[in-house]
Amino acid sequence: MSEALVSQALILAGGQATRMRPYTDDAPKAMVPVAGAPIVGYQLRWLADHGVKAVTISGGYKNEMISDYVGDGGRFGLEVRYAIEAEPLGRGGGLKFAARDLADPGAPFFVLNGDVITGFSLGDFAAYHRENGGAVTLALSPYRSNWGVAELVDGNRIKGFTQSPELPYWINAGIYLFNPDVTDRLPDKGDHEDSTFPELAQEGLLVGYRISGYWRGIDTVKDVIEASKEVLASGALLAPEFRTTDPEI
């Protein structure tokens, strides 16, 4: 796989994810199994495969389950450290808090929300970030409808339906590349998407990178089921040593 021009990453894994109950009644969202392996397992393998060497995991709710599974990161080919919130800080506050524990706080770093599985090239992502001169680059995924869309002819006659089509819009994929000087602009508490990102956008410093290839945000029980089917169908199962449950749905 291609080597990333950025060698460190931060995973935001501190939320309780109430919309994913019962999966998150006794586990953090990052530990919800998809085709047998926790979401964080897919993320760590992807990062390692693309040249990342060090990862900081921002944890809170039931964080010990993540550290018990990941350990020091050695079995993933990574150096993993943890930044544990004493109280919920929100995504922006958690990001600011955890960024102080990066392997190199003065270097650029990837950021992943703890609920996405993907497979695009981080080397290409990093090169695009450098070429476009933004302070933060957001990965963008095509927006796919959750519903079937009716195809109409002659005004009101239904010709058929297209199930979950891609629409001509791009959504925030929950994967970013940050320049280190942005860290000080993050809120101590709250969400960076409500404060820091709008400010950077106004200054022309927020860049969008359209990804191709597989991406799935996992926010509901239905997403877990669909993602598991997709992983099984694509043959992208993690090896048995990284699984915590049976991969079959």
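Trainee: Are tyrosine 176 and phenylalanine 197 buried or exposed?

Mentor: In this predicted model, both tyrosine 176 and phenylalanine 197 are buried.

Trainee: Why is the aromatic pair of tyrosine 176 and phenylalanine 197 called edge-to-face?

Mentor: The angle between their planes is 70°, and planes over 60 degrees apart count as edge-to-face, so the name applies to this pair. The ring centres lie 5.4 Å apart, and a pair needs centres within 6.5 Å. Because tyrosine 176 lies in strand β11 and phenylalanine 197 in helix α5, the pair ties together parts that are 21 residues apart in sequence.

Trainee: Why does aspartate 115 count as buried?

Mentor: Its relative accessibility is 16%, and buried means under 20%, so aspartate 115 falls on the buried side of the cut-off. Aspartate 115 is found in the loop between β6 and β7.

Trainee: What makes the link between the side chains of aspartate 115 and lysine 29 a polar contact?

Mentor: The distance given for the two side chains is 2.8 Å, and a polar contact asks for N or O atoms within 3.5 Å, so the distance meets that cut-off.

Terms used. Residues are numbered from 1 along each chain as its sequence is written. This is a predicted model: local features need pLDDT of at least 70, side-chain atom pairs count only at pLDDT 80 or more; totals for chains, interfaces and linings use all residues. Side-chain values use heavy atoms; hydrogens and water are left out. Helices (H or I, at least four residues) and strands (E, at least two) are DSSP runs, numbered from the N terminus. Buried means under 20% relative accessible area, exposed over 50%, partly exposed in between (1.4 Å probe, protein chains only). A polar contact is a pair of N or O atoms within 3.5 Å; within protein, one must be able to donate a hydrogen and the other to accept it, and residues adjacent in sequence count only if both atoms are side-chain atoms. Rings of Phe, Tyr and Trp (its six-membered ring) pair if their centres lie within 6.5 Å; planes under 30 degrees apart count as stacked, over 60 as edge-to-face and the rest as tilted.
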